[in-house]
Amino acid sequence: MRYILAFTIILLSTSCRKESTNTLSTYFTYDQSNPEVAGIKMIPIKTTAGEFKVWTKRFGNNPKIKILLLHGGPAMTHEYMECFETFFQREGFEFYEYDQLGSYYSDQPKDSSLWTIDRFVEEVEQVRKAIKADKDNFYVLGNSWGGILAMEYALKYQQNLKGLLVSNMMASAPEYGKYADEVLAKQMKPEILSEIRNLEAKKDFGNPRYMELLIPNFYKEHVCRLKDWPDGLNRASKHANMEVYTLMQGPSEFGIGGRLAKWDIKNRLHEITVPTLMIGAKYDTMDPKAMEEQSKLVKKGRYLYCPNGSHLAMWDDQKTYMNGVIQFINDVDNQKM
């Protein structure tokens with residue numbers, strides 16, 4: 001009996017060594033002509049000004065849930081949204097970080113005719129096709145300008161969407177401007193606001209003093225309230241394409257100027273019929289009450305309020321934000337919305 005047992009152990013040991021060796025051998029082999037790139041893919045985008053490429057990075061493999069992250073700006077980068085990596089990977093979601101055309105990791109053409117909402121919407125649709133997402137699994141999560149893009153995409157292509165998430169973006173630029181001017185600005189010390197307004201009146205936006213005033217008195221209060229800003233946010237700030245940003249957003253941080261100054265689709269929100277999450281925060285640059293109202297204007301809306309958050313509540317009220325986002329996605333996936 002002892003000999004039979006010993007022989008069996010030897011056979012199993014030999015088998016395990018062979019299996020382990022084969023697994024390791026297979027694991028460390030790769031096709032040199034098609035090397036691994038950590039999920040990064042440059043997706044070709046066709047425009048009236050020619051063909052360009054945009055940067056994307058895929059995480060996970062889930063045929064039921066594919067989430068495309070739309071960063072703000074316009075022309076910031078995916079970097080400040082890297083916090084989703086921890087939470088979405090834990091849930092087993094498939095998701096994509098993505099730099100829109102003109103942003104740091106994508107092509108940056110100089111043709112100003114490219115910087116329109118309609119053109120960006122068509123770009124998102126081409127990215128959707130490239131990642132093979134459809135109405136049964138495609139979610140779009142847009143923050144700030146990305147929220148504008150997400151809503152506009154839904155208005156044209158919601159037949160390809162399963163769920164929409166609008167993070168910290170009002171549906172009316174004029175109303176946002178009014179909130180910034182009548183609520184946020186008045187929360188500043190009068191002497192600070194006066195100096196900022198004087199610089200803006202002179203169009204002296206390149207003056208270092210402008211940012212010296214804005215960072216502690218506006219950004220730290222309403223954009224990200226963390227004492228030390230996350231590395232991803234700092235990198236995104238350094239990599240912003242200010243030429244595109246200024247053209248579309250305008251040079252002032254109080255409201256929207258530029259090509260987006262009159263943008264307003266509030267009276268069209270009722271056309272959005274896919275499940276939609278609207279996210280607002282107490283200290284946001286966007287009126288949290290307006291975000292709540294928007295959740296009631298769409299057909300299947302839900303509101304997520306972040307009581308400790310600002311414009312980047314994904315960072316400064318992370319637990320509330322991520323729990324709410326994940327719950328919404330799971331509820332849509334389980335047909336609870």
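The conversation below goes through this predicted model topic by topic.

Visitor: To begin, what is the mean pLDDT of the protein chain?
Guide: The model is predicted, and the mean pLDDT of its protein chain is 91. A value of 70 or more is reached by 91% of the residues.

Visitor: And where does pLDDT stay under 50?
Guide: That is the case over residues 1–21. For this stretch the model has 0 contacts beyond four places in sequence. Where pLDDT is low, predicted coordinates should not be read in detail.

Visitor: Let us turn to cavities. How many of 30 Å³ or more does the structure hold?
Guide: The structure holds 2 of them.

Visitor: Which residues line the largest cavity?
Guide: Its lining is made up of Met170, Ala171, Ser172, Glu175, Lys266, Ala290, Glu293 and Gln294. By class, 3 of these residues are nonpolar, 2 are polar and 3 are charged.

Visitor: Which element gives the largest share of that lining?
Guide: Helix α10 does, with 3 residues.

Visitor: I would like to follow up on Gln294. Where is it placed?
Guide: Gln294 belongs to helix α10, which covers residues 288–297.

Visitor: Is Gln294 buried or exposed?
Guide: Gln294 is buried, because its relative accessible area is 3% and the cut-off for buried is under 20%.

Visitor: What is Gln294 in contact with, leaving aside its neighbours within four places in sequence?
Guide: Its contacts are Met151, Met169, Met170, Ala171, Leu269 and Met278.

Visitor: Changing topic: how many aromatic pairs are found in the whole structure?
Guide: The search finds 15. One of them is formed by Phe84 and Phe88; this pair is tilted, with 5.1 Å centre to centre and 50° between the planes.

Visitor: Where do Phe84 and Phe88 lie?
Guide: Both are in helix α2, residues 84–91. They are 4 residues apart, which is about one turn of the helix.

Visitor: What about the pair of Tyr104 and Tyr105?
Guide: Tyr104 and Tyr105 form an edge-to-face pair, with 4.9 Å centre to centre and 80° between the planes. Tyr104 is partly exposed, with a relative accessible area of 42%, and Tyr105 counts as partly exposed at 31%.

Visitor: Which residues form one aromatic cluster?
Guide: Phe59, Phe84, Phe88, Phe93, Phe95 and Tyr321 form one. The tilted pair of Phe84 and Phe88 is therefore part of this cluster, given that rings pair if their centres lie within 6.5 Å.

Visitor: Now the backbone. Which peptide bond is cis?
Guide: The bond from Gly73 to Pro74 is cis, with omega near 0°. Pro74 is found in the loop between strand β3 (66–70) and helix α2. Most peptide bonds are trans.

Visitor: What is phi for Ala38?
Guide: Phi of Ala38 is near 60°, a positive value in a residue other than glycine. Most residues other than glycine have a negative phi. Ala38 is in the loop between α1 (2–27) and β1 (40–47).

Visitor: What is phi for Ser144, and where does Ser144 lie?
Guide: Phi of Ser144 is near 60°, again a positive value in a residue other than glycine. Ser144 lies in the loop between β5 (138–143) and α4 (145–157).

Visitor: Are Ala38 and Ser144 buried or exposed?
Guide: Ala38 is exposed, with a relative accessible area of 53%, whereas Ser144 is buried, at 13%.

Visitor: Lastly, how far apart are Met242 and Glu292?
Guide: Met242 and Glu292 are 50 residues apart in sequence and 31 Å apart in space, C-alpha to C-alpha. Met242 lies in helix α9, residues 242–249, and counts as partly exposed at 47% relative accessibility.

Notes:
Residues numbered from 1 in each chain as written. Predicted model: local features only at pLDDT ≥ 70, side-chain atom pairs only at ≥ 80, totals over all residues. Heavy atoms only, no water. pLDDT = per-residue confidence, 0-100. Contact = heavy atoms within 4.5 Å. Helix = DSSP H or I, 4+ residues; strand = E, 2+ residues; numbered from the N terminus. Buried < 20%, exposed > 50% of the residue type's maximum accessible area, 1.4 Å probe, protein only. 1 Å grid on protein atoms, 1.4 Å probe; cavity = no way out; pocket = protein on both sides within 12 Å on 5 of 7 lines; lining within 4 Å. Points joined across faces, edges and corners; volume = space filled by probe spheres on them. Nonpolar A, V, L, I, M, F, W, Y, C, P; charged D, E, K, R; others polar. Phe/Tyr/Trp six-rings, centres within 6.5 Å; stacked < 30°, edge-to-face > 60°.
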